[in-house]
Amino acid sequence: MSALFRPRANTFFRIALVVILGGAAGTVGGMMLYARTPFGTRQFAELQQPIQFDHRHHVTDDNIDCRYCHQTVERSNTAGIPATSLCMNCHSQIWNRSPLLDKVRESYFTGRTIEWMRVHRLPDFVYFNHSIHVNKGIGCETCHGRVDQMPAIQQVAPLTMQWCLDCHRDPAPHLRPREAVTEMDYRPEKDQAVLGPELARKYDVHSRTSCTTCHR
Amino acid sequence: MGLPIYGQAARPPGDDRGQRPLWRSLEELAAGRDEGRSPEFAPGADSPPDALSRRSFLQLLGATLAFAGLEACAPPREKIYPFVRQPAGLVPGQAVHYATAASLSGYGVGLLVRSNEGRPTKVEGNPDHPASLGGVGPFQQALLLDLYDPSRARGFQKRGRQLSYRGTLLELSQLAKGHEADGGARLRFLLEPSSSPLQAELRRRILERFPKARFTAWDPLSDDAARDGGRIAFGAPLEARPQLARADVILALDDDFLGFGPEQLRLMREYAARRVQGQELNRLYVAEPGLSVTGMNADHHLRMRSAEVVGFARAVAARLASKHGLASLAPLAEGARATPAASAVADDLARARGRSAVLCGPRQPAAVHALAHALNGALGNAGSTVRYLKPVLNDLSTGPAGLAALAAEVKAGKVDTLVVTAANPVYSAPADLDLEALLEHVPNALYLTLHDDETAEACSWVLAASHPYEQWGDTRGPDGTVSLVQPLIAPLFESMGEVDLLSAFLDQADLGARRQLQELWRQRRGGAGFDHDFERWLAAGLVPGTASPAEAPAPRTAAVAQALRDLPPAGAGGLEVGFVPDYKACDGRFAANAWLQELPHPVSKMTWDNAAYLSPATAEKLQLVNGDLVEIQLAGRAVTAPVWIQPGHADDALTLPLGYGRRAGGPVAKGAGFDAGRLRRSDAPWFAAGAALRKLGKRHPFAVTQTHDSMEGRPLALDFGAAEWQRGKGELEEHRGDPASIMPAMHAYEQEQYRWGMAVDLSRCTGCSACVVACQSENNIPVVGKDQVERRREMHWLRIDRYYQGAAADPQVALQPVACQHCETAPCEYVCPVNATVHSDEGLNEMVYNRCVGTRYCSNNCPYKVRRFNFLDYRGEMAPTEKMLMNPEVTVRTRGVMEKCTYCVQRIERARIEARVAGHPIREQDLKSACQQACPAEAIVFGNLNDPQARVTRLHHDERRYDLLHELGTKPRTAYLARLRNPNPDLA
């Protein structure tokens with residue numbers, strides 16, 4: 001009686017095995033990898049905002065401090081998106097006929113809010129708090145990047161849990177003096193390896209890694 | 001008996017504590033411990049949800065996996081909506097507390113309501129308000145759910161025609177004008193009782209315009225008898241306000257002062273403060289027909305039918321007159337039959353002259369109140385433990401008498417316009433008045449209502465009422481203190497307040513309630529700086545210096561004696577039927593509130609139902625078991641009700657809680673329980689004898705949490721008599737301290753800055769259940785419905801276990817709030833395959849929802865059975881207003897996720913960030929758990945065990961401290977303090 005399978009069948013079987021198992025693992029692994037690429041984390045994506053607000057101009061040319069608009073960053077969990085009335089503090093005087101600011105004036109006079117697109121989004125089960133980070137010497141730039149060079153705001157940090165934990169486990173390299181929190185293109189006065197631990201002591205930095213620090 | 005429990009020492013011979021078996025249900029007691037033990041799992045506990053079988057679930061799971069990748073391609077982008085003009089002082093992300101007040105039966109309680117970005121999300125007590133002292137009851141908290149109820153009444157209707165707000169005011173103005181000609185002779189108002197000075201002012205002005213109009217107040221839970229008792233005893237309608245801080249002996253005559261009433265929160269605080277060692281314990285006697293919250297806490301629960309209470313009180317008076325020389329009481333004692341209990345109580349009261357208090361509940365007739373006044377007077381308590389205050393309500397009579405007079409006028413066709421703001425009078429009025437039929441004779445019956453209820457169906461005009469948290473106004477506490485009521489949010493639906501409606505009859509509705517309120521108080525307390533004062537009163541929640549001064553009246557014994565003689569005789573045989581306000585539905589006004597519907601009844605642990613409560617002996621005589629449907633007949637009327645056997649209930653009596661059996665009022669209210677009010681008559685609103693009972697042979701299923709999560713045969717809720725405490729306190733040593741272990745210490749928590757812990761003082765806990773509602777509100781806990789509770793799937797993170805001990809007829813009750821114990825060596829953590837429950841460095845047993853895959857191993861391994869699993873998507877699609885209720889600091893859990901008490905970790909983290917930004921450690925006053933903050937008795941204390949000065953640390957080192965299931969070695973962070981009882985040795 002001849003063999004049911006020819007020797008070639010062994011090879012086919014091995015290939016099929018690799019394709020099935022490897023494909024399954026590859027699919028899962030690929031999806032996990034994808035979630036960590038800038039496509040998955042949505043880094044560097046440029047969003048169409050209702051108004052062409054240019055941070056470059058406001059930060060660099062006008063030298064406006066971040067906290068003039070993001071007022072609650074030192075007091076609350078949210079940094080705060082400025083109210084239309086705050087825009088009008090200046091724009092009732094300057095560029096008050098610019099067509100680029102039509103929507104700002106429309107919002108101010110109709111009382112309808114400006115619908116901004118959210119760029120930095122954390123999942124609903126993450127409770128991030130700006131005030132504690134800013135008060136312990138984490139600069140805006142550390143997470144939000146060189147906002148002074150962005151024509152439109154984009155997310156530069158991956159905002160993954162791994163990224164959060166990297167800093168929470170060792171915050172010293174990222175600390176800067178409180179006075180310099182909103183500074184862009186910040187350069188430490190002395191070696192960060194010395195300054196970092198010094199500031200950590202000064203500001204009593206105890207970054208926590210318990211789950212409920214962020215998840216409640 | 002079962003096997004001895006590991007780690008638990010045998011009790012020495014002669015120790016009788018072991019002879020008092022703990023039992024959970026009457027079936028269990030009757031059958032003996034082993035046979036009658038309720039099954040571990042409820043029928044249906046393992047059955048799949050109705051909609052989806054396991055097979056189709058797996059199919060869907062496969063499809064979900066297959067398509068999950070596709071969905072990840074394009075999750076929606078969120079939008080940000082900033083303010084156009086940011087309100088001054090508002091910091092997005094920071095909650096603000098506003099002081100306001102809520103009224104029930106016309107009496108205000110000061111509150112602080114938390115507002116997140118303009119949404120009220122949590123109700124706390126106002127520590128500065130004398131009727132709250134920082135505590136808050138279930139009703140005030142659950143009002144918040146009503147605010148967001150999507151089935152609330154909305155808009156204005158006149159005979160089915162929709163009206164705009166303007167149109168309504170116009171129509172009302174014309175209606176009012178029509179009544180001007182005859183001076184309002186055919187204009188009547190039926191109002192919710194109120195103590196509001198603003199309402200009083202509006203009424204005065206309405207009477208100026210319509211001199212012949214009349215106002216009637218209706219409260220199905222009226223306390224008229226108390227004022228009438230004052231009239232008899234003092235010649236003035238004074239109300240007795242006890243001061244329990246100084247009372248050593250308390251006799252409550254059918255008075256549920258710990259469970260219900262305008263002064264519940266204050267009295268609970270004062271009572272509980274006298275239940276801990278280190279001072280003289282107070283002693284509480286409760287004479288009542290049922291088993292109330294107050295009865296559960298009594299040192300001696302003296303069960304008797306409602307009509308027998310007066311005889312008991314007279315027997316006490318007789319003993320005081322004959323044995324203790326209080327001759328002034330002699331005329332009150334005529335015909336009293338001495339009982340050992342009455343004599344012992346009298347002896348005890350006499351020993352504590354000037355330091356005792358006799359309290360009488362609103363269910364008892366006026367003559368009994370007068371008798372209590374006489375007793376307090378003779379014992380020297382007046383002015384010491386009992387103060388007498390002038391009534392604060394705008395109407396001295398809020399009971400059936402006024403309503404009956406109004407009904408007679410309507411029947412005679414003398415009323416053209418009836419303005420109703422009372423809560424659902426068609427449902428709550430005594431059955432003999434038949435208000436529903438009468439309202440058809442009123443051409444213009446205006447009804448201002450929060451819900452489309454029975455009365456709305458009978459009235460020709462239905463006007464949606466603004467919620468109490470949406471209105472301006474004022475109210476007075478039971479002691480007279482005025483609170484300004486400020487809205488937390490603009491009305492969510494088109495609606496108007498009572499002030500607007502009354503103002504419409506003055507053509508002044510345009511003014512708005514805030515302006516009216518301000519003008520009134522400017523007149524009363526005007527002068528320079530008024531605007532500043534007004535803002536200060538709003539911020540503080542009360543107007544200083546408005547409390548009533550105490551009166552010093554002398555009781556007139558002869559009048560009291562005459563009133564007692566005039567009391568109708570105890571009357572016909574048969575069963576006595578008694579009506580009580582329900583702890584959840586109240587008089588029906590909260591029947592549409594799902595939080596309260598699902599709150600386990602403090603005594604019977606029943607949810608979504610009421611029942612006819614009767615004693616075990618009566619049930620045996622009538623051959624009834626729990627859930628049997630019976631027809632109760634009383635004076636020609638009948639209702640069908642399921643029975644529930646209540647240990648400690650008086651024999652030959654039925655207790656029927658009001659507020660259920662609603663025929664309208666929204667999907668939650670309808671269909672739950674039976675309407676006991678159908679048996680109520682205006683001449684006997686609280687109890688009546690001569691009822692007959694017929695068994696129908698059908699049964700009613702109850703959703704009761706009583707036999708859940710059984711922890712049987714173990715020393716759980718420990719208590720000691722005051723006398724045996726010194727001898728027996730050594731026993732507690734075996735229930736605390738470090739258990740022997742071969743495992744190395746897991747973590748040096750002593751080195752951490754914070755070590756969170758809780759202490760629950762069982763001596764203080766009264767079982768009122770305010771903490772359960774507080775937890776539900778703070779932590780976004782869903783309501784699951786009767787069907788799911790029957791399958792034991794209720795979601796409350798905090799439950800209050802209630803155990804009976806001793807004889808079924810007259811048991812002692814032990815209460816124990818149980819939430820996650822945050823064990824240092826937590827059994828749940830070892831078994832989680834995905835590390836979804838882990839331990840924090842500060843000792844919290846953390847639950848990480850986004851890791852949980854729902855194996856439920858943790859719940860299986862939890863000896864305290866405090867973990868709750870989302871078997872179904874209990875939230876479902878939430879209405880937009882329901883989403884506004886959610887606490888933004890707590891994740892809204894989805895289906896398939898385990899959850900449990902977190903020690904309010906969101907409050908810890910919030911306090912931590914605020915303290916660290918300010919540069920100081922978290923201080924004790926910075927942080928309270930939700931249950932602790934709500935507890936009127938201060939039974940729950942939370943804090944940092946590494947702070948030697950903290951209250952929680954001192955309680956953890958208290959000699960009454962013990963750990964629940966200590967022998968398991970779980971090292972719980974929640975400590976219990978054993979309860980002390982103070983029985984009278986003469987009654988032993």
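Predicted model: local features only at pLDDT ≥ 70, side-chain atom pairs only at ≥ 80, totals over all residues.
Chain A holds 10 helices and one strand. Read from the N terminus, its elements follow the order α-α-α-α-α-α-β-α-α-α-α. The radius of gyration of chain A is 25 Å, whereas the globule rule gives 17 Å for 216 residues; chain A is therefore more spread out than a compact globule. Along the principal axes, its C-alpha atoms fill a box of roughly 100 × 50 × 35 Å. Buried residues make up 21% of the 216 in chain A.

The interface between the chains was examined next. It brings 33 residues of chain B into contact with 35 residues of chain A. On the chain B side, β2 (79–80) and α28 (905–918) are the elements that give two or more residues. The largest share, six residues, comes from α28(B). By class, this side of chain B comprises 15 nonpolar, nine polar and nine charged residues. Strand pairing also links the chains. Strand β1 of chain A (residues 116–117) runs antiparallel to β2(B), with two bridges between them. Here A:W116 lies opposite B:I80.

Within chain B, β12 (residues 283–288) and β13(B) pair in the parallel sense over four bridges. B:V286 has B:H301 of β13(B) as its bridge partner. In a regular strand, side chains alternate between the two faces of the sheet. Strand β13 of chain B (residues 300–303) is covered on both faces. B:H300 and B:L302 are buried on one side, and B:H301 and B:R303 are buried on the other.

How values were computed
Residues numbered from 1 in each chain as written. Chains lettered and ligands numbered in written order. Contact = placed C-beta atoms within 7 Å. Nonpolar A, V, L, I, M, F, W, Y, C, P; charged D, E, K, R; others polar. Pairing = 2+ DSSP bridges. Buried ≥ 20, exposed ≤ 12 C-beta atoms within 10 Å, placed from the backbone. Rg over C-alpha atoms; globule rule 2.2 N^0.38 Å.
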